[in-house]
Amino acid sequence: MSVSIGSIKNEYKALSFGIMEYEQEKEALQEFINKYSSDERAGVQSIIKSASKRLTGIDNELERVRGMMKFEMKYSDECKFIAGVDEVGRGPLAGPIVTAAVVLPEGLIIPYLNDSKQVNEKKREQLYDIINEVAVSVAIGIRSEKEIDEYGIGKMDSAAMRDSVLGLDVQPDLVLVDAFKIPDLDIRQIPIIKGDTYSVSIAAASIVAKVTRDRMMDEYAAKYPEYGFDSNKGYGSAKHIEAIKTIGPCDIHRRSFIGNFV
């Protein structure tokens with residue numbers, strides 16, 4: 001007696017795996033496909049098609065991430081520790097700028113690593129936990145809105161990046177940085193345009209910096225609910241700008257950024 005389509009569908013739905021369990025997921029999907037591929041019922045073939053598409057998607061994602069490892073692979077023979085550095089928060093009207101430096105184990109594939117803006121919030125949170133668990137070292141740099149007002153966003157961006165690199169538990173032999181070199185850092189650097197889409201190390205730093213800053217802004221949202229920081233993260237949304245115009249700025253607004261609204 002053949003297995004019901006409903007049972008096969010439930011069996012397929014039960015094939016649930018974590019981001020780093022991609023090898024187990026591939027093996028389970030292939031076994032599932034092999035098990036039911038000879039069942040000619042249209043409903044079963046539809047499930048098999050879905051499983052095959054999912055398997056192909058995993059392979060494609062792993063290949064995409066391998067492509068983001070080219071800089072790390074290029075310099076791995078001469079550099080034991082390669083750090084990726086990125087920032088989040090240059091443009092907001094409120095809150096700090098946050099940077100992260102991340103040293104990943106050589107050759108480790110973390111699926112879905114990408115520029116943090118290209119990753120949804122749920123997956124960013126998952127990746128944040130994975131990166132902090134598997135990384136050789138992770139460090140954060142933060143410069144407040146008051147420091148930004150006093151010294152300028154450019155200088156504070158560089159200072160926060162420098163802090164994150166120097167805060168690592170290991171001294172990197174090479175720093176891969178998004179777009180531009182970090183001033184006054186006596187470590188070899190390679191700037192990469194759109195580095196958070198071309199380097200796994202920079203992408204990991206982008207994720208860590210983004211999640212760290214978003215969590216900070218969520219806390220500020222509870223303290224200053226009028227500005228919608230939980231949704232806009234300090235950026236100049238219409239609601240945010242209207243709140244500044246109506247009730248004025250709060251303590252974490254960058255005075256040097258809001259001159260047109262007060």
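Tutor: Before we talk helices, the ground rules: an axis here is a line fitted to C-alpha atoms, for a helix over the stretch in contact, and angles run from 0 to 180 degrees between N-to-C directions. Helices (H or I, at least four residues) and strands (E, at least two) are DSSP runs numbered from the N terminus. The model is predicted, with local features needing pLDDT of at least 70 and side-chain atom pairs counting only at pLDDT 80 or more, while totals for chains, interfaces and linings use all residues. Residues are numbered from 1 along each chain as its sequence is written, and side-chain values use heavy atoms, leaving out hydrogens and water.

Student: Got it. How many helices and strands does the protein have?

Tutor: The protein has 11 helices and five strands. Its C-alpha trace spans about 75 × 50 × 25 Å along the principal axes.

Student: At what angle do α1 and α2 pack, and what does that make them?

Tutor: Helix α1 (residues 5–13) packs against helix α2 (residues 22–36) at about 165°, and their axes are 11 Å apart. That makes the pair roughly antiparallel. The cut-offs are under 35 degrees for roughly parallel, over 145 for roughly antiparallel, 65 to 115 for roughly perpendicular, and oblique for the rest.

Student: What is the handedness of the α1 and α2 crossing?

Tutor: The crossing of α1 and α2 is left-handed, a label used if the near helix is turned anticlockwise from the far one by less than a right angle; clockwise would be right-handed.

Student: How do you know which residues make the contact?

Tutor: Contact means heavy atoms within 4.5 Å. By that test, I8, E11 and Y12 of α1 meet L29, F32, K35 and Y36 of α2. They divide into five nonpolar, no polar and two charged. For the classes, Ala, Val, Leu, Ile, Met, Phe, Trp, Tyr, Cys and Pro count as nonpolar, Asp, Glu, Lys and Arg as charged, and the others, Gly among them, as polar.

Student: What about α2 and α3: why are they called roughly antiparallel?

Tutor: Helices α2 and α3 pack at about 155°, with axes 10 Å apart. That angle makes α2 roughly antiparallel to α3. Their crossing is left-handed. Among the contact residues are L29, F32 and I33 of α2 and I48, L55 and I58 of α3. By class, the contact of α2 with α3 has 12 nonpolar, three polar and four charged residues.

Student: And what makes α1 and α3 roughly parallel?

Tutor: Their axes come within 9 Å and cross at roughly 10°, and α1 and α3 are therefore roughly parallel to each other. The α1 side includes I8 and Y12, and the α3 side includes I47 and A51.

Student: What makes a nonpolar core, and which residues touch the most other members of the largest one?

Tutor: A core is a set of buried Ala, Val, Leu, Ile, Met, Phe, Trp, Tyr and Cys residues joined through side-chain atoms within 4.5 Å. The largest has 42 residues, and F32, V102, L104, L113, I131 and I207 touch the most other members. Helices α1, α2, α3 (42–67), α5 (121–134) and α9 (200–223) and strand β2 (97–103) each supply at least two residues of this core. Another core of 15 residues lies apart from it, with V175 and I182 among its members.

Student: Is D115 buried or exposed?

Tutor: D115 comes out at 7% relative accessibility and counts as buried, since buried means under 20% relative accessible area, exposed over 50%, and partly exposed in between (1.4 Å probe, protein chains only). D115 is found in the loop between β2 and α5. Leaving aside neighbours within four places in sequence, its contacts are D196, T197, A203 and S206.

Student: Why does M20 count as partly exposed?

Tutor: M20 has a relative accessibility of 27%, so it counts as partly exposed. M20 lies in the loop between α1 and α2, and beyond four places in sequence it touches L108, I109, I110, P111 and I130.

Student: What is the phi of A179?

Tutor: Most residues other than glycine have a negative phi. A179 has a positive phi of about 85° although it is not a glycine. D184, also not a glycine, has a positive phi near 60°. A179 lies in the loop between β4 (174–178) and β5 (189–192), and D184 is in the loop between β4 and β5 too.

Student: How exposed is D184?

Tutor: D184 has a relative accessible area of 73%, so it counts as exposed; A179, with 38%, is partly exposed.
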